[in-house]
Amino acid sequence: MRVPLPLLSPTRAHPASTSGSSLRSAQTHCPYCALQCSMTLTPAGAGAEVEAGAGGLCRKGWTSADLLASPRRLTTPLVRDGRHGRLRPASWDEALDRAAAGFSRAQELRGADAVGVFGGGGLTNEKAYLLGKFARAVLRTSQIDYNGRFCMSSAAAGAMRAFGLDRGMPFPLDDVDTANCLLLVGSNLAETMPPVMQRITRQREAGGSLIVVDPRKTPTAAVATLHLQAQPGTDLMLANGLLFLAIELGHVDEDYVASRTQGWVDVRRAVAGCWPAQVERVTGVAEPALREAVRLLAEADRALILTARGAEQHAHGVDTVSSFINLALALGLAGRPGSGWGCLTGQGNGQGGREHGQKADQLPGYRRLDDPAARAHVAGVWGMDADDLPSPGRSAYELLDALGTEDGPSALLLMGSNPVVSAPRAAHVQSRLAALDCLVVADVVLSETAEMADVVLPVAQWAEEDGTTTDLQGRVLLRRRALDPPVGVRTDLHVLAGLAERLGATTAFPVVPQEAFDELRRASAGGAADYAGISYGRLAAGEELHWPCPDEDHPGTPRLFLDQFATADGRARFVPVSQPPSAEPVDETYPLLLTTGRVTAQYQSGAQTRRIDALASTAPAAFVELHPFLAQRLEVSDGERVRVSTRRGEAFVRARITDAIRPDTVFVPFHWAGRQRANLLTSDALDPVSRMPAFKVCAARIDRLSEAAR
Ligand SMILES: Nc1nc2c(c(=O)[nH]1)N[C@H]1C(S)=C(S)[C@@H](COP(=O)(O)OP(=O)(O)OC[C@H]3O[C@@H](n4cnc5c(=O)[nH]c(N)nc54)[C@H](O)[C@@H]3O)O[C@H]1N2
Ligand SMILES: Nc1nc2c(c(=O)[nH]1)N[C@H]1C(S)=C(S)[C@@H](COP(=O)(O)OP(=O)(O)OC[C@H]3O[C@@H](n4cnc5c(=O)[nH]c(N)nc54)[C@H](O)[C@@H]3O)O[C@H]1N2
Ligand code: SF4
Ligand SMILES: [Mo]
């Protein structure tokens, strides 16, 4: 039974958003991707100057400070009067009161699950942890998930079932430099993590080979030893075909398979039909290239197989990940220093953000919400009864899809995502958001999703607050505050504390990041992702700490699985998988394969990077890449505006003709809003295990527009 929430008092004192001026040079990390490049930030004028750390920066990192003093950021809360009123400036008290009242009303009418929470993998560990705590301990709702479901979930599920643990790279990034063979599957590192290309240059100069699997000849594929230009959605067949050849050519590491794994016989049987000719027919990759790939992998002393979103964002993404892990296990790579399988985590805190309780089925420390011991531990830290913790809820897309329906949430708190642009089947998601009685968005800018909100809360940016992130290799990093947020802006921690107080929370919501982190350490202690031994003090002193790190004397764990895997018997699990039929086959009406992804100068939904002039001028608009043969058949010329349509809807973008793409495939980047949105087109087919949407392939068509509309 839910206890009615207390009435709200209209005004109350609040901690100020700034605590006196403290301008100083600070060591920090880039706000964007999971590489978390280091930088020094020095306050200058109203903003700050960026100096690159040793690894360098891409142009998003160089320009990241431009949004700090930008007039395009939010500096005052906004509220909407009535359903159809306009957003108008409001005080923090009015905005937080409105938000809390909206949540209380929804729960009084329809119970705890009437309020949903949607988080993001860009949030610091402290924020992700407290957002999960807010959902479970204050709202007591089961309806929380986050955008990492769109990003990391298939790789995470694949790693869990093979190794019993999910840390994107179970080895240090430095291993890339020394790999004799590097297989990149569906990763365009040259555009999505440009500084890593320096490592690949070193790797190549030392005689290493690079194999890239991508339907496009990306800048990454362009420097490869071998580019396998497979059809989108066929990576699983490709991996099984490589394993078939590895068996045929005698490259299986039998000793390793016998001593460190389980389930080999079933996998060997599962790939028995994956003859090169069959693989070529499905993937489009010719037999000699398959043989060459196996040779390069098998002859390497140290070989790495890394998957990214191209392989994972499919309706069978988990099985695809399993197929590459199977290959890595058969070759004896996983858990051997310098070799292995890993996934290239994407968002700034894509790793930490998936460990501390934003996920529908999860408690901090990568614990499971359905595990009684985990519930008891975390409830103890939160000072509540374990029976009062909710059960697992809906996954991200299913949560968005349920908003405003009979049994879905009627109110939503959204922090760190812009689903109007980034969710699959975006027009439908937009209509679900519009059906809410109360949408509360905390953001640094008025994103397309914030524009729809009833309450908008303007929050501080990375350089204006302390916090930790966990990078793609599982290393925890400290971002130090360099400058004060503008007047009128508060931190996400203040937002959560302000809402928790208004909703009568009986458990603490620290607003000092270090205190939040210390609580997270206790909550994660003993869990898979154990942060107990990691402290602000150790990080500030320059220690390189990878989780698990169970106590303050522990050096952290840069390499996992050296002696055993995290399964009950210490052995890795082979999982037999086979290529399923396409979730959406092409037909006469939709004869092309549409895939989506990224460009260097824009980040994600573009909410931040479209507001940075230097980036917006480099990459001002969406486009569709099409092969010259296709362009000729459609009589489309370069630069012409065309209509791209799928069973979900249509988008209008300019044609970019390039022979870097397969003739049967077209590519649209997803960073833009309105009618240029790639996600007006994408399908909501979900992976049955991870609930990852199939962003990377659906059936599409391209049409010319009337002359006047081009
Ligand atoms: N510039 C920039 N960098 C970013 C980001 C950004 O938005 N902009 N976002 C960050 C985040 S959150 C993430 S998750 C990472 C993503 O990093 P990546 O995974 O490298 O990025 P994507 O462009 O989504 O996809 C990579 C490649 O997959 C290919 N691909 C498409 N379909 C398939 C397929 O079926 N199989 C295979 N093998 N390949 C396919 C595409 O052609 C594309 O080149 O980037 C991070 N870095
Ligand atoms: N078609 C297609 N769609 C995709 C993908 C694809 O490849 N193709 N990739 C998917 C992937 S991998 C991802 S990760 C998602 C990402 O897509 P989104 O979840 O939309 O990610 P962002 O654009 O980074 O959104 C972050 C929002 O939070 C705000 N923000 C930034 N920092 C903070 C903060 O500290 N606090 C708060 N409160 N707000 C903050 C930003 O201004 C922005 O509005 O997109 C997915 N969508
Ligand atoms: S590679 Fe990623 S972390 Fe590094 S500067 Fe670019 S966006 Fe920032
Ligand atoms: Mo991502």
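This is a chat about the two ligand sites of a predicted model.

Trainee: Hi! What should I know before I start?

Mentor: This is a predicted model, where local features need pLDDT of at least 70, side-chain atom pairs count only at pLDDT 80 or more, and totals for chains, interfaces and linings use all residues. Residues are numbered from 1 along each chain as its sequence is written, chains are lettered from A and ligands numbered from 1 in the order in which they are written, and side-chain values use heavy atoms, with hydrogens and water left out.

Trainee: Thanks! Which residues come nearest to ligand 1?

Mentor: Asp214, Asp235, Arg598, Gln602 and Gln604, out of 32 residues around ligand 1. To count, a residue needs a heavy atom within 4 Å of the ligand.

Trainee: And which N or O atoms lie 2.9 Å or 2.7 Å from atoms of ligand 1?

Mentor: A side-chain N or O atom of Asp214 is 2.7 Å from an oxygen atom of ligand 1, and a backbone N or O atom of Val599 is 2.9 Å from a nitrogen atom of ligand 1. Polar contacts here are pairs of N or O atoms within 3.5 Å.

Trainee: How much of ligand 1 does the protein bury?

Mentor: The protein buries 99% of the 910 Å² that ligand 1 exposes when taken alone; these areas come from the Shrake-Rupley method with a 1.4 Å probe.

Trainee: What classes of residue make up that shell?

Mentor: Eight are nonpolar, 16 polar and eight charged. Asp, Glu, Lys and Arg count as charged, Ala, Val, Leu, Ile, Met, Phe, Trp, Tyr, Cys and Pro as nonpolar, and the others, Gly among them, as polar.

Trainee: Switching to ligand 2: which residues are closest?

Mentor: Of the 31 residues that surround ligand 2, the closest are Asn147, Ser417, Ser422, Asp443 and Ser605.

Trainee: Which side chain has an N or O atom 2.8 Å from a nitrogen atom of ligand 2?

Mentor: That is Asn679. A polar side-chain atom of Lys127 also lies 3.0 Å from an oxygen atom of ligand 2. Taken alone, ligand 2 exposes 920 Å², and the protein buries 95% of that.

Trainee: What about the classes around ligand 2?

Mentor: The shell around ligand 2 has 12 nonpolar, 14 polar and five charged residues.

Trainee: Last one: where does ligand 2 lie relative to the domains?

Mentor: Ligand 2 lies between domain 1 (10-15 + 70-150 + 350-546) and domain 3 (592-704), because both give residues to its shell. The domain bounds come from an automatic or database domain assignment.

Notes:
A polar contact is a pair of N or O atoms within 3.5 Å; within protein, one must be able to donate a hydrogen and the other to accept it, and residues adjacent in sequence count only if both atoms are side-chain atoms.
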